[in-house]
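The sequence and structure come first.

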Amino acid sequence: MRQQLFKAALCAVLASSCLPALADPSASQPLRLVIGFPPGGAIDTIARAITPRMGQELGRSIVVENKPGAGGILAMQSVARAAPDGRTLIMGTSGNFAITPALMPDLSYDAAKDFTLVSQVASASMVLLVHPSVPAKTVGELITYARAHPGKLNFSSSGVGGLPHMAAEVFSAAAGIKMTHVAYKGSSPSITDLVGGQVDLTFEAASIGLPYVKAGQLRALAVTGGQRLAVLPDVPPVSDVLPGFNVDNAYGIAVPAGTDQAWVRKVQDAVVVAVQEPKTRALLESLGVEPVGSPSATFTKAMAGELTRWRALIKDNHISASGS
């Protein structure tokens, strides 16, 4: 009998050693939150705003790791290959989870199958920003100028397949204009060259463009969502000129597929607490970002819908990774 009990106990110990290391929430190793863009962008700001409170909830420190390149593809690829032990998380956008997969079906990973979506952190409209040298103060004037000078205007983006890129492509198709795409490795270099006049316009998060608009270095022509932003009350939606145009960005956290569901729920709950923290919520709202904190299932359903929507938009507007 004692021998049988010993064998049973030994089997239990061996079995437990195969479980993910994060089955023990008191483990001391920090978590990695990977971001596919350089520091200074909207997603980086959001991540650094919520991770301290998330870390408190999880009893773990969280290290934000910027891994820029290819519009977030390198980071997504890296995390898709990471062990599903709960130690590695990624914060991505609609571009990472839906638009890039719709645009590039031959990626080395499957965004729907290789990740478990944990929670949507926030939602945000973008702003159509132009350099002051562009002779347009409204969307209508911009379209008129672009039609009269086909191919003269160029637009920057944070990377091929990201939402800034795709918003500009859909805008061009809806307006019947032709512009040249200049891709960067993130929002910071994109906006820097726009301010410097190397490019003419971009679609970017309000949090990125707002300081330059206030300083008079850039002009905000419109917002991409269905209504005006509190931080830019005088800037109308693009849909006032192009009915039906609506492009919002979702920021959310995911982990490698196969990560323990109990841990996924803990991280989800930590996100909800973090975005509802009064100081954090106020900070996000001041940047033109709406805090969300959604359940995993809700975020997963939303991104599946975005994938279907963008596949149709890409097909109908004949958009490719190199431009329309």
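Predicted model: local features only at pLDDT ≥ 70, side-chain atom pairs only at ≥ 80, totals over all residues.

## Helix α2

A residue is called buried when its relative accessible area is under 20%. By that cut-off, 12 of the 17 residues of α2 are buried, and the helix is mostly covered. Among them are A42, I43 and D44, as well as T51, R53 and L58.

Helix α2 runs over residues 42-58 and spans 24 Å from its first C-alpha to its last, close to the 24 Å expected at 1.5 Å a residue. A bend of about 35° occurs at T51, with the proline P52 following within four residues. After the helix comes G59, which has a positive phi near 70°.

## Salt bridges

The whole structure contains seven salt bridges. One of them pairs R32 with E65, with the closest N and O atoms 2.9 Å apart. R32 belongs to strand β1 and E65 to strand β2, so this pair ties together parts that are 33 residues apart in sequence. R32 is partly exposed, at 28% relative accessible area, and E65 is also partly exposed, at 28%.

In helix α11 (residues 296-316), E306 and R309 are three residues apart, about one helical turn, and their side chains form a salt bridge of 3.4 Å, N to O. E306 is buried at 16% relative accessibility, whereas R309 is partly exposed at 31%.

## E204

E204 lies in strand β7 (residues 201-205). E204 is buried but has no salt bridge, and R48, the nearest side chain of opposite charge, is 15 Å away. The side chain of E204 does make a polar contact of 3.0 Å with that of S187. Beyond its neighbours within four places in sequence, E204 also contacts residues including M126, L129 and I191.

Terms used. Residues numbered from 1 in each chain as written. Heavy atoms only, no water. Helix = DSSP H or I, 4+ residues; strand = E, 2+ residues; numbered from the N terminus. Buried < 20%, exposed > 50% of the residue type's maximum accessible area, 1.4 Å probe, protein only. Lys, Arg positive; Asp, Glu negative; His and termini not counted. Salt bridge = Lys/Arg side-chain N within 4 Å of Asp/Glu carboxyl O. Polar contact = N/O pair within 3.5 Å; in protein donor to acceptor, adjacent residues only side chain to side chain. Contact = heavy atoms within 4.5 Å. Expected span 1.5 Å × (residues − 1). Bend = angle between axes of the 7 residues up to and from the residue.
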